[in-house]
Amino acid sequence: MKSNRARYCRSIQLLHLVSIFLYCAFIVILLSSCGYSREDDVDASVSRGPLPLESQGVPLNTSEADIEALPQGMENPMSSAPSPQAIPEIPEPSDECSETPPSIVLPSSPNQQPGLKNQEITSENLENEIPMGDWALILVNSTHPIPEDFSVVLADFESGKVDARIAETCKRMFDHARRDGHPLQLVVAHRTYEKQNQLFEKKVQSYLDKGYSRARAEAEAAKHTARPNTSEHQTGLALDIETTNTNAFPWLIEHAHEYGFILRYPEGKTDITGIIYEPWHWRFVGVEAARYIKESGQCLEEYLEEMNLTSP
Ligand SMILES: [Zn+2]
């Protein structure tokens with residue numbers, strides 16, 4: 001009787017153990033079939049595309065940019081080169097297109113953005129998602145004035161206007177900063193020739209008033225205000241962003257390259273750029289170039305020279 005009871009208890013215990021084992025096995029199978037991994041915890045909102053956006057380092061749309069998930073090395077300019085998959089190689093100039101490829105769907109209104117989450121993401125369309133091309137690498141400085149035949153189609157952006165090809169990118173960058181709690185404040189974007197001329201003449205006049213000769217007044221003025229046709233603001237590719245008393249600067253240092261922007265006049269490069277350190281002046285050059293410039297610590301002039309893209 002006693003041994004029967006003991007056998008019965010052992011059977012019950014065994015049954016319990018078997019059912020616990022089956023339950024665990026079921027959970028493991030369920031999790032692995034959902035593709036669960038620790039990385040997915042970083043941002044549950046990221047779509048389940050073939051490649052996580054973060055691993056590409058390029059936000060497809062601002063709501064999907066998750067910088068915490070970027071590979072460590074990407075934030076460190078001194079780190080070894082990331083894998084080719086993480087950062088596409090710098091294309092040869094001839095490969096760069098002057099217009100956004102037709103295959104790329106850029107959201108034309110904020111309402112369309114959520115739809116992009118379900119769009120299939122490939123490294124190819126990610127690379128082309130943010131527009132780039134020779135036009136984005138135009139060099140404008142005191143020795144490279146804007147060409148006479150230069151023209152640009154402008155689009156409204158915040159309180160100003162930018163090259164229409166980068167308007168959406170600018171919006172995404174500003175949206176991202178706002179979401180991170182560091183809203184960016186646009187001070188100046190596109191400036192017309194007339195406006196630049198007016199600013200320059202005003203500066204010249206201030207020196208003429210001090211008794212300078214015309215030539216000397218112009219030379220002095222040029223140190224502070226670009227002569228007409230030598231200001232990047234005329235291209236619609238430069239943004240002056242308020243960086244005093246805000247956290248905009250560190251945010252931009254960390255994220256601007258993801259949107260194709262560089263700090264155009266960094267500290268220690270004045271002898272090359274001809275312009276003093278300007279933490280507020282950000283220039284669009286395209287994502288590839290911006291990444292390279294950030295990681296190499298070059299300024300635009302050095303980059304273009306290395307890539308043999310500097311016009312004589
Ligand atoms: Zn500026």
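Predicted model: local features only at pLDDT ≥ 70, side-chain atom pairs only at ≥ 80, totals over all residues.
Trainee: How many bridges join strand β1 to strand β2?

Mentor: Strand β1 covers residues 154-157 and strand β2 covers residues 160-163. The two run antiparallel, and Ala155 has Val162 as its bridge partner in β2. The number of bridges joining β1 to β2 is four.

Trainee: Which residue in the turn of this hairpin has a positive phi?

Mentor: The hairpin of β1 and β2 has two residues between its strands. Most residues other than glycine have a negative phi.

Trainee: Is Glu158 buried, partly exposed or exposed?

Mentor: A residue is buried with 20 or more other C-beta atoms within 10 Å, and exposed with 12 or fewer. Glu158 has 17 C-beta neighbours inside 10 Å, so Glu158 counts as partly exposed.

Trainee: Which strands stand at the edges of the open sheet?

Mentor: Four strands form this sheet in the order β3-β4-β6-β5, with antiparallel pairing. An edge strand here has a single partner strand, so one side of it is left without a neighbour in the sheet. The strands at the edges are β3 (186-188) and β5 (261-263).

Trainee: Is Asn308 buried or exposed?

Mentor: Asn308 is found in the segment after α11 (300-306) and has a positive phi of about 60 degrees. With 7 other C-beta atoms within 10 Å, Asn308 is exposed.

Terms used:
Residues numbered from 1 in each chain as written. Pairing = 2+ DSSP bridges.
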